[in-house]
Amino acid sequence: ESEQCSLRLRDQTEVDPKAACWVLGAGTGLGVACVVPQDNGANIVLPGEGGHVDLAACTPEEDDLIVYLRNKFGRVSAERCLSGQGIRNIYDFVVSHRGANPEDHTPAMITEKALKAECKDCERALYLFCILMGRFGGNLALTNGSFGGVYIAGGIVPKVQELFIKSGFRVAFEDKGRFNEYLQSIPVFLITHSDPGLLGSGTYIRQSLNISID
């Protein structure tokens, strides 16, 4: 069922159905949850506020981004970049970093201009968004060895699917030094179902009924 509702981002990886997986989605904010499969076929979902962990930098450009956002907001969480407003924050940084003044673009405008190749700054902002999503997703995968997969949801990434696949997301996801090979074995999926929330709710109800009947 998951294969019909999602797109595998690395063909060589295999899903361990008994292992935990992560779901993360960037939209208005950055949502994160861990899903742990049970022996009876049901799943336990562990919600939290993972979108508000500290944002890590791995390149000089990302270092500068952190400094830029710290000067603006103080503490820099992952959600400051991996959300709709985060795209605007990254865009403002990209433009300011080259000594220019950012246009008053909405996240939707930035995304549209990037997809139409109408603005190099918008393209760079969206590309950097994808890279940071990869770094964040890789950190989640390392946390509990999520060989059940990492699933990308939310309102942003599905709309930029082609660019996302061609971006540096997967390279950034695996870019963990000594654990690079470890991350290569963890599958990542882009959720493509038109209404995953409704699908998940139905699945939860079916599993709850099965559990209560047994």
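Ala117 is situated in the loop that joins helix 4 to helix 5 (helices are DSSP runs of H or I of at least four residues, numbered from the N terminus). The phi of Ala117 is positive, about 55°, although this residue is not a glycine. Most residues other than glycine have a negative phi. With a relative accessible area of 53%, Ala117 is exposed (exposed means over 50% relative accessible area, buried under 20% and partly exposed in between, with a 1.4 Å probe and protein chains only). The model is predicted, so local features need pLDDT of at least 70 and side-chain atom pairs count only at pLDDT 80 or more, while totals for chains, interfaces and linings use all residues. Residues are numbered from 1 along each chain as its sequence is written, and side-chain values use heavy atoms, with hydrogens and water left out.

On the side of helix 4, the contact is made by Ile110, Thr111, Lys113, Ala114 and Leu115, and on the side of helix 5 by Cys122, Glu123, Ala125 and Leu126 (contact means heavy atoms within 4.5 Å). These residues divide into 6 nonpolar, 1 polar and 2 charged (Ala, Val, Leu, Ile, Met, Phe, Trp, Tyr, Cys and Pro count as nonpolar, Asp, Glu, Lys and Arg as charged, and the others, Gly among them, as polar).

Helix 5 covers residues 120-144, and its 25 residues should span 36 Å at 1.5 Å a residue; the end C-alpha atoms are 37 Å apart, which agrees (the expected span is 1.5 Å times one less than the number of residues). Just after helix 5, Gly145 takes a positive phi of about 60°.

Among the buried residues are Ile87, Ile90, Tyr91, Phe93 and Val94. The buried residues of helix 3 pack against helix 2, helix 4 and helix 5. Gln85, also in helix 3, is partly exposed at 47% relative accessibility. The C-alpha atoms of Gln85 and Thr28 are separated by 7.3 Å, although the two residues are 57 apart along the chain. Gly99, which follows helix 3, has a positive phi near 85°.

The N-terminal end of helix 3 is capped by Ser83, a side-chain oxygen of which lies 3.0 Å from the backbone nitrogen of Gly86. Ser83 is found in the loop between helix 2 (60-73) and helix 3 (84-97), and is buried at 2% relative accessibility. Beyond its neighbours within four places in sequence, Ser83 is in contact with Ala26, Gly27, Thr28, Gly29, Phe129 and Ile156. Ser77 lies in the loop between helix 2 and helix 3 and is buried at 6% relative accessibility. With neighbours within four places in sequence left aside, the contacts of Ser77 are Gly51, His52, Val53, Asp54 and Leu55.

How values were computed:
Helix = DSSP H or I, 4+ residues; strand = E, 2+ residues; numbered from the N terminus. Polar contact = N/O pair within 3.5 Å; in protein donor to acceptor, adjacent residues only side chain to side chain.
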